Every structure is written in structure tokens, then in C-alpha cells.
Amino acid sequence: REDDGGEREGTGSGVIISTDGYIVTNNHVVEDAAKVTVTLFDNRDYQAQIIGTDPSTDLALIKIAEADLPFLTMEDSDDVRVGQWVLAIGNPFNLNSTVTAGIVSAKGRNINILRRKSDFPIESFIQTDAVVNPGNSGGALVNLDGELVGINTAIASPTGSYAGYAFAVPSNIASKVIKDLLDYGLVQRGFIGAIIREVNGEFARDNDLNITSGVYIDSLVSNSAAKEAGVEVGDVITHVDGIAVKSSPELLEMIGRHRPGDRMGLTVNRNGRPMEFSLVLKNRDGNTDIVEKEAEEVMMSKLGISVSPLDEEEMEEYGVTGGVKINAVRSGIIRDNTDIEEGFVITHVNEKSVDTEEELMEVLQKAESDKRGVMIEGVYPDSQRKYYYAFGFDE
């Protein structure tokens with residue numbers, strides 16, 4: 001909702017996955033949030049830090065400062081079967097800790113909701129008929145043993161409310177995304193380097209295939225993992241690491257569980273004959289390197305701000321000869337420890353002048369490595385007064 005200050009407030013759900021306060025939720029729940037508040041079942045509330053997000057799976061990892069919390073661990077979503085009973089847990093319409101029941105209606109479902117968020121979306125949802133409504137996003141999907149098998153993410157509805165089906169990210173995808181965010185700060189995505197098409201009866205007839213399910217290799221990128229392994233255009237992938245894949249979403253899910261450099265086995269149907277290949281996945285740049293998060297991105301995420309240098313017009317408006325303007329303040333060290341607002345211009349950090357993002361980064365990184373406190377000096381528009389804010393990286 002929108003308050004008098006023009007800020008909007010939304011709600012969602014989450015799942016505690018560790019005793020020290022790590023929580024998985026949906027990217028769209030915390031996306032662009034200036035402040036994330038977590039309220040537990042016993043009504044304790046905390047300001048949360050956003051550890052990392054992954055728009056391609058609509059997952060996010062956040063953390064609260066607490067210990068000895070009860071938590072759920074990710075179970076093997078491959079063991080989930082169509083027709084089995086599951087429970088959806090969350091906070092629909094602000095109705096705290098609501099539990100609904102249903103069955104698994106389908107697996108490997110693609111509903112094309114993530115394409116506008118990512119160039120490489122992975123949609124291989126568990127579909128259920130457990131009642132899920134706005135506010136359930138990011139909540140747990142568990143089996144009857146209370147084991148976490150998915151993260152509730154979306155509903156299929158013409159009205160915005162429940163209309164029969166809901167969709168959850170499988171736990172096997174969620175666990176890999178969470179581990180990547182913890183280890184690297186961003187998700188490591190592996191690629192086979194192929195343009196693919198899903199096989200059905202009509203496609204099989206049009207292309208003289210003797211198989212009516214699987215994933216057809218339409219073209220191959222030069223020097224791709226699949227091409228180097230011996231896969232050819234016209235092959236139909238039927239299994240990955242011995243697990244049957246009947247659709248493109250299922251194939252993308254299996255690939256999405258791996259990182260660049262991982263070895264993966266493919267079974268393909270080539271002109272009616274099964275063939276086995278072993279390939280090493282590559283990253284988007286065509287090699288097997290782990291992609292590291294840029295140091296500047298890590299620092300800005302930790303602080304919870306985005307910045308830009310001042311142009312000449314802004315310098316005249318602020319009455320300064322240089323500086324770096326804070327464009328947004330989100331969840332992070334700055335919001336937790338200072339009253340800095342958007343529009344503030346940083347002119348000095350630890351008595352050193354900063355006129356560019358690079359200079360700001362250099363001073364902040366040195367303060368962090370030296371384990372020193374940080375003193376920020378700057379100005380606000382329409383004010384002749386200088387403002388000072390202090391914080392530490394260990395807070």
C-alpha cells in the first residue's frame with residue numbers, strides 16, 4: 001500500500017533455512033525494497049539484510065541477526081510425485097501462518113512469468129492445487145512429513161487471487177541457488193550452448209522423428225559444451241544424468257542445478273538410436289570460470305546504497321566542487337546505522353575527498369580491510385549545513 005510519504009509497502013512469506021537466521025523467499029518479495037522487516041511466528045520482528053537475489057528463478061536469500069532458530073532443510077524434490085499431498089504455508093492477505101492442503105498436480109511446469117525479469121529464466125515449477133494467494137509468495141511447500149520440497153512463487157489467476165493452481169520452485173533448484181548466493185554472492189549458471197525446441201507429436205511428424213517427447217537440438221553455438229562433447233543438430237535429449245527429461249523446462253531445471261565446470265551426462269536419441277555423451281558445462285562467456293561478483297557491487301550491496309557522480313549542474317545546485325550522490329537507500333549497513341536519506345551527497349569519507357565512485361570505493365575498501373570505522377561528510381540539497389554520519393563494517 002502507499003503511505004503519506006509516497007512509499008509503498010508489501011508483504012510476503014519466507015522460510016528459515018538455518019539456525020543463524022538465513023531465510024529464503026522470492027525475489028519479487030524483496031525486489032527494490034528500501035527496508036525489509038521479518039516478523040516471526042511469535043511476533044518478534046527484525047530488520048533483514050538482503051544477501052543476494054536471482055531473478056532467473058525468482059528466489060532471494062535474506063538474513064536476520066538471531067541465533068538458535070528452528071529451521072527447515074531442503075529435501076529432494078525429485079522424490080515428489082504427481083498426486084501426492086502437500087501443504088502450502090504462508091501469510092496470504094496478512095493472515096499470519098496460514099496452512100492449506102492440496103495435491104501435486106504436475107511437475108516441470110512453465111508459465112512464462114520470469115521472462116521479463118531475466119534473459120535466462122528457469123521455470124520448472126511444481127504445480128499444486130493447494131490454495132495460495134497474494135502474501136504466500138516465498139512461503140514453504142512441504143510434504144506430509146513436514147519436509148521442504150518447494151518455495152511457493154506464483155498463481156495462475158485471471159483475477160489476482162487463487163483460481164485453482166499454484167506454482168512452487170522445486171527445492172533442488174532452490175538449494176543450489178542459495179548455496180551459490182552464500183558462496184559467491186551471485187548464481188553460477190551453466191550452459192550447454194544450444195538452441196532447443198520441445199518435442200511433441202506434431203513436431204515429431206514435421207521433422208520425421210520417431211520419438212514424441214524430449215528436447216530437440218535446433219542449433220549449436222560454436223565451441224559450446226554440447227558441440228565439443230559430440231552432440232549434433234537434430235539430436236533429441238531424453239535423459240540428463242540418467243534422469244528422464246520430457247520437456248524443455250525439465251532440461252533447464254537439470255542444467256540449472258549445475259555450475260560452469262561441472263560434468264553432466266546426456267542421453268540423446270539420434271535417428272532412433274540412443275547415444276551417451278559427457279559434457280562440461282560452460283558459463284555465458286564460453287569458459288568454465290566461476291563468475292565473481294564485482295567488488296563495487298558487493299560493497300554497494302553491503303552498504304545498501306546506489307550512487308552516481310555529480311554533474312556540473314548538480315554541483316552548482318548543491319554548492320560543492322565534487323562529490324558522489326546517493327540515489328537510493330535500501331536494506332544494509334547505512335540504513336541500519338545512520339539516518340542518511342536519498343539525495344545526500346558524499347563529499348568526504350574519513351577526511352578524504354571523493355569525487356568519483358572509484359574514489360569512494362577505494363576509501364571504503366581500505367576502511368573495511370583495516371577494520372576501521374567510517375566517517376561520512378556531505379550535504380543535502382537546499383541546505384548550507386554539513387552533515388556527518390559514522391558506522392562500522394562489523395556492525
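Colleague: Which loop does Asp68 lie in?

Modeller: Asp68 lies in the loop that runs between strand S6 (59-63) and strand S7 (85-90). Helices (H or I, at least four residues) and strands (E, at least two) are DSSP runs, numbered from the N terminus. This is a predicted model, in which local features need pLDDT of at least 70 and side-chain atom pairs count only at pLDDT 80 or more, while totals for chains, interfaces and linings use all residues. Residues are numbered from 1 along each chain as its sequence is written, and side-chain values use heavy atoms, with hydrogens and water left out.

Colleague: What is the phi of Asp68, and is Asp68 buried or exposed?

Modeller: Its phi is near 60 degrees, a positive value in a residue other than glycine. Asp68 is exposed, with a relative accessible area of 72%; buried means under 20% relative accessible area, exposed over 50%, and partly exposed in between, with a 1.4 Å probe and protein chains only. As background, most residues other than glycine have a negative phi.

Colleague: And what about Asn43, what is its phi?

Modeller: Asn43 has a positive phi of about 75 degrees although it is not a glycine, and it sits in the loop between strand S3 (37-39) and strand S4 (45-47). Asn43 is exposed, with a relative accessible area of 57%.

Colleague: Switching to the core, which residues touch the most other members of the largest nonpolar core?

Modeller: That core has 26 residues, and Leu303, Val349, Leu364, Ile376 and Phe393 touch the most other members. A nonpolar core here is a set of buried Ala, Val, Leu, Ile, Met, Phe, Trp, Tyr and Cys residues joined through side-chain atoms within 4.5 Å. Elements giving two or more residues to it include helix H6 (295-303), strand S21 (345-349), H9 and strand S23 (374-379), and the largest share, 5 residues, comes from H9.

Colleague: Which residues does Phe393 touch?

Modeller: Leaving out residues up to four places away in sequence, Phe393 touches Met299, Lys302, Leu303, Ile333, Leu364, Ala367, Glu368 and Val374, where a contact means heavy atoms within 4.5 Å. There is also a second, separate core of 23 residues, with Val15, Ile51, Leu61 and Ile122 among them.

Colleague: What span should H9 have, and how far apart are its end C-alpha atoms?

Modeller: H9 covers residues 357-369, 13 residues in total, so at 1.5 Å a residue it should span 18 Å, and its end C-alpha atoms are 18 Å apart, which agrees; the expected span is 1.5 Å times one less than the number of residues. Leu360, Met361, Val363, Leu364 and Ala367 of H9 are buried, and just after H9, Lys371 takes a positive phi of about 55 degrees.

Colleague: How many residues of helix H5 are buried?

Modeller: In H5 (residues 248-256), 7 of the 9 residues are buried, so this helix is largely enclosed by the rest of the structure. The buried ones are Ser248, Pro249, Leu251, Glu253, Met254, Ile255 and Gly256.

Colleague: Last one, which residues line the largest cavity?

Modeller: Its lining is made up of Ile122, Glu123, Ser124, Phe125, Val169, Pro170 and Ile173. On a 1 Å grid over the protein atoms alone, a cavity is a set of points where a 1.4 Å probe fits but cannot get out, and lining residues have an atom within 4 Å of a point.

Methods
On a 1 Å grid over the protein atoms alone, a cavity is a set of points where a 1.4 Å probe fits but cannot get out, and a pocket is an open set with protein on both sides within 12 Å along at least five of seven lines; lining residues have an atom within 4 Å of a point.
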